[in-house]
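Have a look at it first, and then we can walk through it piece by piece.

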Amino acid sequence: MSRRQPRIAQSRPPIVFSVLAALGVVFFLLPLIGLLVRTPWSDLVSLLASDVVIDALVLSAIASVAAVIISTIVGVPLAWVLARLEFRGRSLVRGLVLAPLVLPPVVGGAALLFALGRRGVVGEPLYDATGLVLPFSIWGVVVAVTFVSMPFLILTVEGALRNMDSRFEGAAASLGAGRWTVFRRVTLPMIGPSLAAGMILTWSRAIGEFGATVTFAGNLQGETQTLPLAVFVALESNRDAAIALSLLMVAISLTVLVLLRDRWLRSL
Amino acid sequence: MTLDVSITVSRGGEFTLEMSIRIEAGETVALLGPNGAGKSTAVASLAGLLPIDEGRIVLGNRVLDDPAEGVFVPPEEREIGVVFQDYLLFGHLTVAENVAFGLRSQKEEPDAVDAKTAVWLERLSLARLADTKARDLSGGQAQKVALARALIIDPELLLLDEPMAALDATTRVELRRDLGEHLSEFPGPRLLITHDPTEAFLLADEINVIEEGRITQVGSADDIRLRPRTRYIADLAGSNLLVGNASSGVVTVGTHVLHVADTAIGGSVLATIHPRAVSVHRQHPEGSPRNVWKTTIVRIEHFGDRVRLQTGEPLALAVEVTPAAVDALGLELGSDVWLSVKATEIGVEPG
């Protein structure tokens, strides 16, 4: 007797994989359920319409998008240098720019404060010259968020540049294309999907940033209080507001990730 | 316009390429050798992707690379049209965009770019593929796009790196003739890099055999085929390649007539006979072979465990026998011998 097999060939996971994978899904699903169960659905709209939430939402949107833009403008050339140039101390530079990946964000924030704070090594002359104070301003938020999120972009783009077949760049050069044209018309399109992935990762890290922001930029509503900071404050004072804010962050993150990921996969 | 190359290039410490080549305008020279012989290094050096260590590369009246003089022209200023191995088309661009790439990069007027692109697409029968993404092309189509992309910039040298290697056998035979035509239309010097002796024999005026970074023999197809200088070349050159005309099972090569098994094929053909498929006799042989003729031995060369003979009129052939056979038959220079080849041992393909 033969069992009916599905006509479409599909890889069959070992049973233990199915069990562990299901466990993994539950692990990620449970907190979300906890959140949804406790959500004060009737008051949700008024909670989300409060000044605190709107201010935090706007600030988070601005800071995370700014972080992605700055990370792309600075991070792509940095990744290119790390991937393509051989120079003494390259490992050291790579370690330095990737350090924020493993450094506790609070430490990063403190370091930023000592360097760029009002009394900082660079911050003090900067203030004397321009009157600009980074901490406790929206600029501080952008600096802190960019500091912790840019490494994701550098890591992804450097990997893509290393894996890319650089013979294509040679082919473009042989056709008379200068270095910038080669980069713009060949290199960039070829690493496009990875760059997009790097930008999404950078944004994901930026939108959730807490430690460096609170340490370097502070926690002033309407000035430096991003969504994660607002959640933390609300947990102490207004639990319903905290839940509403959390739900908002889950919704934003899932929407952006799902939408962008689909787009990015289609473009492959 | 002449290409004059005399270079030494080290790669990775272990490997060194030492090569001198001179190609006149309108001449096709093949660099024939196995993988790892230094062919890619030669391409990279000429294209400007790998600076040479010693020597000079001169194209026309321009010095492209000369470390002693401190001259190095970067690839984008060399004006060398390269058809790269695997073609290296830009997959994210369309066929037309690939072909137009060089002109656009050199900041030509958009109208002029479009007009020239249309001409080249037409010339290589690519017009209907103009809007196809390069990544969706077949091997044969990709080769044509690569050729158009290289030729449209009106280069001073045409460099073809294994232009047939990415094609299947059928397409290869078809495109070889086309490629020959495009090569002959190109006015400057042409360098064909290949590991395939047939390709070199058919497309090049002069063949440079390269082994382990050194050029071991330079000559015409007949020089290489009949008078190989190393064991490797004898093996590489492998078969006797004869250009002739076929009709109903008979191939005429010069004045000689060969009977072949394929009776369907007609017109211009390429007949191949392996040197070991030819039997040597002192008297007219008995038996069934359809092809039997009398000739003279004009050259004898020993390559270890085999001996390579070259025969004279009416058909210059390379024949391989064992040293024992040479002794048994008492073969020496000028010996009169009978040769026989079975019709089934002669390969025939459209040429």
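Predicted model: local features only at pLDDT ≥ 70, side-chain atom pairs only at ≥ 80, totals over all residues.

Residues are numbered from 1 along each chain as its sequence is written, chains are lettered from A and ligands numbered from 1 in the order in which they are written, and side-chain values use heavy atoms, with hydrogens and water left out.

Let's start with chain A. It has 12 helices and zero strands, where helices (H or I, at least four residues) and strands (E, at least two) are DSSP runs numbered from the N terminus. The C-alpha atoms of chain A fill a box of roughly 70 × 60 × 30 Å along the principal axes.

How do these helices meet? Take helix 3 (residues 51–84) of chain A and helix 4 (residues 90–98) of chain A: their axes come within 10 Å and cross at roughly 145°. Axes here are lines fitted to C-alpha atoms, for helices over the stretch in contact, and angles run from 0 to 180 degrees between N-to-C directions. The crossing of helix 3 of chain A and helix 4 of chain A is left-handed, a word used if the near helix is turned anticlockwise from the far one by less than a right angle, with right-handed for clockwise. On the helix 3 side, L78(A), L82(A) and A83(A) make the contact, and on the helix 4 side R90(A), V93(A), R94(A) and V97(A) do; contact means heavy atoms within 4.5 Å. By class, that contact of helix 3 with helix 4 of chain A has five nonpolar, no polar and two charged residues. In this sorting, Ala, Val, Leu, Ile, Met, Phe, Trp, Tyr, Cys and Pro count as nonpolar, Asp, Glu, Lys and Arg as charged, and the others, Gly among them, as polar.

Further along, the axes of helix 5 (residues 105–116) of chain A and helix 7 (residues 138–163) of chain A come within 10 Å and cross at roughly 130°. That makes helix 5 of chain A oblique to helix 7 of chain A (under 35 degrees counts as roughly parallel, over 145 as roughly antiparallel, 65 to 115 as roughly perpendicular and the rest as oblique). This crossing of helix 5 and helix 7 of chain A is right-handed. G108(A), L112(A) and L116(A) of helix 5 touch V143(A), A144(A) and F147(A) of helix 7 in chain A, a set with five nonpolar, one polar and no charged residues.

Now for some rings. Over all chains, the whole structure has four aromatic pairs, meaning rings of Phe, Tyr and Trp (its six-membered ring) with centres within 6.5 Å; planes under 30 degrees apart count as stacked, over 60 as edge-to-face and the rest as tilted. With centres 5.2 Å apart and planes at 65°, the rings of F210(A) and F232(A) are edge-to-face.

On to chain B, where strands come in. Strand 1 (residues 3–11) and strand 2 (residues 15–23) of chain B pair in the antiparallel sense over nine bridges; two strands pair if DSSP finds at least two bridges between them. T8(B) has E18(B) as its bridge partner in strand 2 of chain B. The two strands form a hairpin with three residues between them, and G12(B) in the turn has a positive phi of about 60°.

Chain B also has an open sheet of five strands in the order 14-13-12-15-21, with antiparallel pairing. Its edge strands are strand 14 (256–259) and strand 21 (346–350) of chain B, each pairing on one side only. From one strand to the next, the twist averages 40°. Helix 5 (residues 169–185) of chain B packs on this sheet, touching strand 15 and strand 21 of chain B.

Helix 5 of chain B has a neighbour too: its axis and that of helix 4 (residues 139–151) of chain B come within 11 Å and cross at roughly 15°. That makes helix 4 of chain B roughly parallel to helix 5 of chain B.

Last stop: another open sheet of five strands in chain B runs in the order 16-20-17-18-19, with antiparallel pairing. Strand 16 (279–281) and strand 19 (318–321) of chain B are its edges.
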